[in-house]
Amino acid sequence: MDIVLQNISKAFDDYPAVHDISLAIRSGELIALLGPSGSGKTTLLRLIAGLEFLDRGRILFGDEDASAKSVQERNVGFVFQHYALFKQMNVADNVGFGLRVRPRASRPGRTEIRRRALELLDLVQLSGLEKRFPMQLSGGQRQRVALARALAIEPAVLLLDEPFGALDAKVRKELRRWLRDLHERTGHTTVFVTHDQEEALELADRVVVMNAGRVEQVGTADDIYDAPASPFVHGFIGESSSLPVTLSGGTILVAGRPSGLVGAGAGAARLFFRPGHVDLLRPGERGIAGVVTGSRRLTDRRRLEIAVGGSHSVEIDVPSLPETSGVLETGSEVVFRPREFRLYGESETAPRRAA
Amino acid sequence: MAAELSGAPLRISRPVRRGRSATTEAPAVRVALVGLVFVFLGFFLMLPLVAVFVEALRGGISAYLAAIVEPDALAAIRLTLIVAAIAVPANMVFGVAAAWAVAKFEFKGKSLLVTLIDLPFSVSPVISGLVYVLLFGAQGFFGPFLDAHGVEIIFAVPGIVLATIFVTFPFVARELIPLMQEQGSGDEEAALSLGASGFTTFLLVTLPNVKWALLYGVLLCNARAMGEFGAVSVVSGHIRGLTNTMPLHVEILYNEYSFAAAFAVASLLALLALFTLALKTFLEWRFAGAIAAERAH
Ligand SMILES: Nc1ncnc2c1ncn2[C@@H]1O[C@H](COP(=O)(O)OP(=O)(O)OP(=O)(O)O)[C@@H](O)[C@H]1O
Ligand SMILES: [Mg+2]
């Protein structure tokens, strides 16, 4: 089912947790909400579920306005960050809960509920654990019980709040792949929250990058990594370095000196680039000049911390070759040039294309 | 890393104060402290309890039984049971409702409500009783109205029930509030999102999550409801066979120098206390795991 958010806002005691967000989620899509802590991801998810109510805006489920519907009427599958399994019930009863509490007219029989629960446990690969209690399960198993429980009600949309947040790195990776497979098989419209960018980029059809209650960018993994729409997205997704620059007559001045980079516009701006996307130049060549203030060895590269124009510090990665190791000591001067970069006006958020 | 590893055995072989952790006192201090507690408990708690039974049985078993089956004693026992049978369920409902409101909702005046719940604990029971006399007594606030409609509250059973409810109100609520606050409303939200109505959620999720705490609260509430003296004494009027509860009956017998009979009835109350304690201990022992699960959310 298509889910459309139209200019929705929600404030807690005047604090705008979600501010004027619009978003169209296509039926069957797998969407990630990505953003730093406190950016409003959970609040947005709870608004869609009906666990919080809107201050402004509308939410459409298909063609129907769901804004005023209660959480029960919305029929969403919500997987909570800490699972919220019913600890007094065994796994099968947890999974069957949503069917058991249906009104009498639409409630399946006892054996049918049990059959459906076992079927779902099979789907999430937990067959044989139906008699266990939540306390007797590992984190990853609890996570999958919570998912099976949410799927049992045949939800219009599946909402997952940091589904892998409490798990260790290895289990996270496994479950991530598994969730992707499950999504492909069942085709539920799914929205999940994460603050792990790798997880968002790998798993989602589209990623919604959030910051301070607003949407910064919506796009595929390629879109948001290769064409970040704002300085925030550039800084938040992947690694990035930035410098204040001045645009003048089609060239970019760094610390008042021409950098050999060209860009349209005039006045102050901010230059963003990926630390790995730089070329080291010979001394005297036209580029960005600076002094090495620190050097760390990463696996196959060396990360240099460079002071540009005295006060600004950027990081660049250089190949870790024997011939560079001696030259790039702390205190030595280097000149470099980003192969790819993006310019953002100091105040505006829309990017100006780099020439 | 390597330096740390090679350092480890050194740390182990460092001389330690054997068999004692930093928070453990010297053996002599320990023995003295434990001994002191036992002497104190023995003198102030065990001795009186034993004395009650010794005094009660001083005249022999038949005198003991006679004192209990005497009509006024039986009436007192019956009244005590009736009062508890009304006050305890009422406070169970009030307590759960109050705990629910405090733990699950945010609203203005919440801290005031929590303070009010504790009021019966901080006010002398005699004053609680007097307040009811002021409100419902013949000269009281609602007195003329009640009189006109032929409703008797003070010096009658309704007054005793009201005073008992007031005095025992905090037990259930106090037991539930911290637990429900700790558990938050995550489970309830999960149940609602799965389509359960508010009431179904309460029955299937909230109540099972707090059942042990609720049982504790009810046990304590019951013990106090049956044993309350001060507030009940003020509103009861001490009418033998009619408005005397067991504690009041004990006092009357005692004032009449019928010591054996007084202690016989008192021993029933003491047995109730022992039974409550034993049941509480048994539940704690038998369901330690489940109770820990309730707390560890
Ligand atoms: N019930 C609430 N009452 C008051 N403020 C709230 C409430 N829920 C959220 N907030 C505030 O709204 C903002 C957004 O919170 P939200 O939980 O949506 O962030 P999040 O993006 O999910 O963060 P995290 O990654 O840490 O989970 C935060 O500043 C938070 O303090
Ligand atoms: Mg969150």
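1. Let's start with how H8(B) and H12(B) cross: H8(B) passes H12(B) in a right-handed crossing (right-handed if the near helix is turned clockwise from the far one by less than a right angle, left-handed if anticlockwise). Helix H8 spans residues 157-168 of chain B and helix H12 residues 211-227 of chain B, and they pack at an angle of about 140° with their axes 9 Å apart. That angle makes H8(B) oblique to H12(B) (angles under 35 degrees count as roughly parallel, over 145 as roughly antiparallel, 65 to 115 as roughly perpendicular and the rest as oblique). Axes here are lines fitted to C-alpha atoms, for helices over the stretch in contact, and angles run from 0 to 180 degrees between N-to-C directions.

2. A word on the basis: this is a predicted model, where local features need pLDDT of at least 70 and side-chain atom pairs count only at pLDDT 80 or more, while totals for chains, interfaces and linings use all residues. Residues are numbered from 1 along each chain as its sequence is written, chains are lettered from A and ligands numbered from 1 in the order in which they are written, and side-chain values use heavy atoms, with hydrogens and water left out.

3. Over in chain A, the axes of helix H3 (residues 91-100) and helix H5 (residues 139-151) come within 6 Å and cross at roughly 30°. H3(A) and H5(A) are therefore roughly parallel to each other, and their crossing is right-handed.

4. Now for the ligand. Which residues are closest to ligand 1? They are Ser37(A), Gly38(A), Lys41(A), Thr42(A) and Thr43(A), out of 13 that surround ligand 1 (a residue is near if one of its heavy atoms lies within 4 Å). The shell divides into 4 nonpolar, 7 polar and 2 charged residues, and its largest share, 3 residues, comes from H1(A).

5. One is 2.4 Å from an N or O atom in the side chain of Ser37(A). A polar backbone atom of Ser39(A) is 3.1 Å from an oxygen atom of ligand 1, and for a polar side-chain atom of Glu162(A) the distance to an oxygen atom of ligand 1 is 3.5 Å.

Note on methods: A polar contact is a pair of N or O atoms within 3.5 Å; within protein, one must be able to donate a hydrogen and the other to accept it, and residues adjacent in sequence count only if both atoms are side-chain atoms. Helices (H or I, at least four residues) and strands (E, at least two) are DSSP runs, numbered from the N terminus. Ala, Val, Leu, Ile, Met, Phe, Trp, Tyr, Cys and Pro count as nonpolar, Asp, Glu, Lys and Arg as charged, and the others, Gly among them, as polar.
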